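Please read this briefing with the sequence and the 3D view side by side, and find each residue in the view as it is named. The points are grouped by topic, beginning with the whole chain and moving on to single elements and residues.

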Amino acid sequence: MTDASGIAERGPTLFSSVALHSEPMANAELLSIGAELLLGETVDTNAAFLGRELAGLGLPLSGVRMLPDDRVVLRDAFADARRRSEVVIATGGLGPTHDDLSREGLADALGEAMREDPVLITTLEERFRALGPMPEANRRQAMIVPSAEALDNPIGSAPGWWVDRDGAVTALLPGVPSEMRQMWTEQVRPRLAARFALAPVAIRSVKAFGIGESAMAERLGAILTRPPEGVETGIYARDDGVHVRFSTRGELSTLDRCVEETVRALGDNVYGTDDDDLATVAMARLGELGTRELCSWEADTEGALLAILSAAAPANGAVRYVGGVLDVGGGGGPPVGDAVLQVSLLHQDAGGRSRVRVALSGAVSMPPTELRIHGSGPQRLRRAAYAALDAVRRLSSSAR
């Protein structure tokens with residue numbers, strides 16, 4: 001029985017942070033505002049999005065804070081962040097209700113009084129015209145301080161703020177992800193790029209399955225611990241394997257060499273680079289072996305395999321996924337396809353390790369094989385699905 005993942009259950013491990021620059025970088029901080037975040041009722045996907053965006057822009061985050069809907073706490077947080085950093089981005093707290101206090105918190109930190117803006121009031125009233133009279137509470141969203149520029153929100157009622165004062169830029173963005181992303185992309189990101197002389201960060205990654213973080217670090221050696229000057233490296237455990245990341249503000253060819261060395265060192269554990277995903281790679285392999293339609297049949301995975309395959313990006317020449325069913329023991333069977341991928345997640349042992357039984361039948365076949373995986377909860381289910389896909393992408397031509 002082989003270990004299909006080799007993934008330890010812990011967060012990102014940064015093995016090197018060797019970035020040398022002739023000019024100082026601007027610092028960026030993120031404030032995520034809302035009691036629902038602190039209570040665990042809402043997952044802060046905005047922070048992940050903005051972290052990637054800011055890094056690509058050349059403004060990597062130096063810190064992220066989750067804050068309650070408390071005016072005094074917000075005032076102090078804005079004041080502290082503006083003293084430390086040239087860029088402060090805040091998400092959430094721009095709604096019309098009593099607990100939406102981001103505007104008040106920043107106004108207090110700036111020492112400025114808010115006033116109602118007639119243009120914003122008109123815009124809000126126009127937005128509500130088709131829905132009936134605008135609730136009085138929404139007038140709060142038309143409040144602004146003298147040093148702030150309002151940021152239009154074309155898909156929501158909460159305008160944002162852009163404040164450039166005392167050598168620091170502060171942007172208030174809505175907490176609703178779709179509104180935040182559009183405002184960031186169309187208004188905040190271009191302003192930041194124009195405001196600061198930024199050297200964009202280039203990132204390359206290598207993705208592997210069937211090897212753990214420690215084993216990968218040992219195999220890569222100096223590629224991680226002594227990378228080229230100006231290159232940062234990191235290893236991250238994910239449900240779909242272990243990713244190693246290289247980033248730089250320097251020559252892109254340096255990253256290309258790092259990727260080439262990493263691929264050589266990791267051998268057939270590597271399934272892709274950058275935007276490649278394991279499901280698409282596996283489906284492409286089935287296409288190479290002559291399969292045109294794939295269906296799935298899984299037990300005790302709560303549909304993890306079905307969800308991953310359904311979301312896989314289509315590729316030319318790859319097998320087409322036609323659907324699947326849950327519970328191998330159930331009646332009816334899977335949809336008809338050239339090949340059927342069967343996955344059964346077995347019980348965990350006393351050490352928390354699990355086994356997954358994988359088989360493939362039809363135009364391409366693979367005898368039942370048991371693979372060992374790690375993880376718990378939803379992570380365990382997804383790793384079972386990815387272990388099956390990794391077995392598929394490793395199929396030899398003799399599987400036909």
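Of the 400 residues of the protein chain, 47% count as buried, and it should be kept in mind throughout that this is a predicted model. The secondary structure of the chain comes to 12 helices and 19 strands, and its C-alpha trace spans about 75 × 55 × 45 Å along the principal axes.

**The chain as a whole**

- The accessible surface of the protein chain comes to about 18300 Å², and 51% of this surface belongs to carbon and sulfur atoms.
- When contacts between residues at least 6 apart in sequence are considered, 71% of them join residues that are at least 24 apart.

**The nonpolar cores**

- The largest nonpolar core has 38 residues, and those with the most contacts inside it are Leu294, Leu341, Val356, Leu360 and Leu389.
- The elements that give two or more residues to this core are helix 10 (278-288), helix 11 (304-311), strand 17 (339-345), strand 18 (354-362), strand 19 (366-373) and helix 12 (377-393).
- Among these contributors, helix 12 gives the most to the core, with nine residues.
- Leu389, when residues up to four places away in sequence are not counted, touches Leu278, Ala279, Ala282, Leu305, Ile308, Leu309 and Leu341.
- There is also a second, separate core of 22 residues, which includes Ala26, Leu30, Phe49 and Val188.

- Helix 4, which runs over residues 102-110, is mostly covered, with seven of its nine residues buried.
- Ser102 is found in helix 4, and it counts as buried because its relative accessibility is 0%, where the cut-off for buried is under 20%.
- Leaving aside neighbours within four places in sequence, Ser102 is in contact with Ile33, Leu74, Phe78, Gly92, Gly93, Leu94 and Leu172.
- Helix 4 is followed by Gly111, a residue whose phi is positive, near 70 degrees.

- In helix 7 (residues 213-220), the buried residues are Glu213, Met216, Ala217 and Leu220.
- These four residues lie on the same side of helix 7, because they cover an arc of only 100 degrees around its axis.
- The face of helix 7 turned away from the buried side carries the exposed residues Ser214 and Glu218.
- Helix 7 is followed by Gly221, whose phi is positive, near 55 degrees.

**Residues in loops**

- Asn27 has its place in the loop between strand 2 (13-17) and strand 3, and with a relative accessible area of 33% it is partly exposed.
- Apart from its neighbours within four places in sequence, Asn27 is in contact with Arg84, Ser85, Glu86 and Val87.
- Asn27 and Ser396 are 369 residues apart in sequence, and their C-alpha atoms are 50 Å apart in space.
- Asp274 is found in the loop between strand 14 (270-273) and helix 10, and it has a positive phi of about 50 degrees although it is not a glycine.
- Asp274 counts as partly exposed because its relative accessibility is 26%, a value that lies between the cut-offs of under 20% for buried and over 50% for exposed.
- Glu302 lies in the loop between strand 15 (293-299) and helix 11, and its phi is near 55 degrees, which is a positive value in a residue other than glycine.
- Glu302 counts as exposed because its relative accessibility is 71%, and the cut-off for exposed is over 50%.

How values were computed. Residues numbered from 1 in each chain as written. Predicted model: local features only at pLDDT ≥ 70, side-chain atom pairs only at ≥ 80, totals over all residues. Heavy atoms only, no water. Buried < 20%, exposed > 50% of the residue type's maximum accessible area, 1.4 Å probe, protein only. Contact = heavy atoms within 4.5 Å. Core = buried A, V, L, I, M, F, W, Y, C linked by side-chain atoms within 4.5 Å. Areas by Shrake-Rupley, 256 points an atom, 1.4 Å probe, with all protein chains shown as cover. Arc of directions from axis to C-beta.
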